[in-house]
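Try each task before reading its solution.

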Amino acid sequence: MSAAPVEESERRSGPLLDHLARRMRLRSESVLAPLGLRPRHLVALTVLRDSGGISQQALAGTLQIDSTNVVGLLNDLEADGLAERRRSPEDRRRHEVRLTDAGTKRLREAECALAGAEEEVLGALAPGERDLLYDLLRRATQGRSSTCGEVIAEGGPGAC
């Protein structure tokens, strides 16, 4: 028995997204490694930069990881001089975590390296298509369905 042909409407994006994510992850890991970073380090550094400093407990919550794991992550970042923990002046039981100047510099280097990796992985798309892809993926991760027409109506790229 042969399988019935798949109609255009039956195509699914999940496998394509999985393949694209895998390619992006592998390329990202390869450009971060020379900087001594892993993707989890990059996410933590980004949160620290964007927050201007955060409690260790809040960082664990933001990253959605166990408190024990955030300690290991921060140990890595502190060992490289990229972040620092200090006792909170308001509550000595709490640690506040901040990005160091070296951490800010390393994060910039990582973001530049990742831009190159993204260029390689998404090189077949025109800049407007990349913008549209980003907008659609961002909305999908927020749990909101979005059509190409909706993105364009909200000021997104000029064409699908």
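Keep in mind that this is a predicted model.

**Exercise 1.** Locate Gln56, decide whether Gln56 is buried or exposed, and list what Gln56 touches.

*Solution.* Start with the element: Gln56 belongs to helix H3. Next, take its relative accessible area, which is 14%. Buried means under 20%, so Gln56 is buried. Finally, leaving out residues up to four places away in sequence, Gln56 touches Val70, Val71, Leu74, Arg85, His95 and Val97.

**Exercise 2.** Classify the crossing of H2 and H4, then describe their contact.

*Solution.* First, the axes of the two helices, H2 and H4, come within 11 Å and cross at roughly 85°. Angles of 65 to 115 degrees count as roughly perpendicular, and therefore H2 and H4 are roughly perpendicular to each other. Then look at the residues: from H2, Arg40, His41, Ala44 and Leu45 meet Asn69, Gly72, Leu73, Asp76 and Leu77 of H4. By type, this contact divides into 4 nonpolar, 3 polar and 2 charged residues.

**Exercise 3.** Find the largest nonpolar core and follow Leu45 within the fold.

*Solution.* The largest nonpolar core has 28 residues, and Leu45 is one of those with the most contacts inside it. Among the elements that give two or more residues to this core are helix H1 (14-32), strand S3 (95-99) and helix H5 (101-121). Beyond four places in sequence, Leu45 touches Leu37, Leu77, Leu82, Leu99 and Leu107.

**Exercise 4.** Is Asp80 buried, partly exposed or exposed?

*Solution.* Asp80 lies in the loop between H4 and strand S2 (83-87). Its relative accessibility is 42%, so Asp80 counts as partly exposed.

Methods: Residues numbered from 1 in each chain as written. Predicted model: local features only at pLDDT ≥ 70, side-chain atom pairs only at ≥ 80, totals over all residues. Heavy atoms only, no water. Core = buried A, V, L, I, M, F, W, Y, C linked by side-chain atoms within 4.5 Å. Buried < 20%, exposed > 50% of the residue type's maximum accessible area, 1.4 Å probe, protein only. Helix = DSSP H or I, 4+ residues; strand = E, 2+ residues; numbered from the N terminus. Contact = heavy atoms within 4.5 Å. Axes fitted to C-alpha atoms, helices over the stretch in contact; angles between N-to-C directions. Parallel < 35°, antiparallel > 145°, perpendicular 65-115°, else oblique. Nonpolar A, V, L, I, M, F, W, Y, C, P; charged D, E, K, R; others polar.
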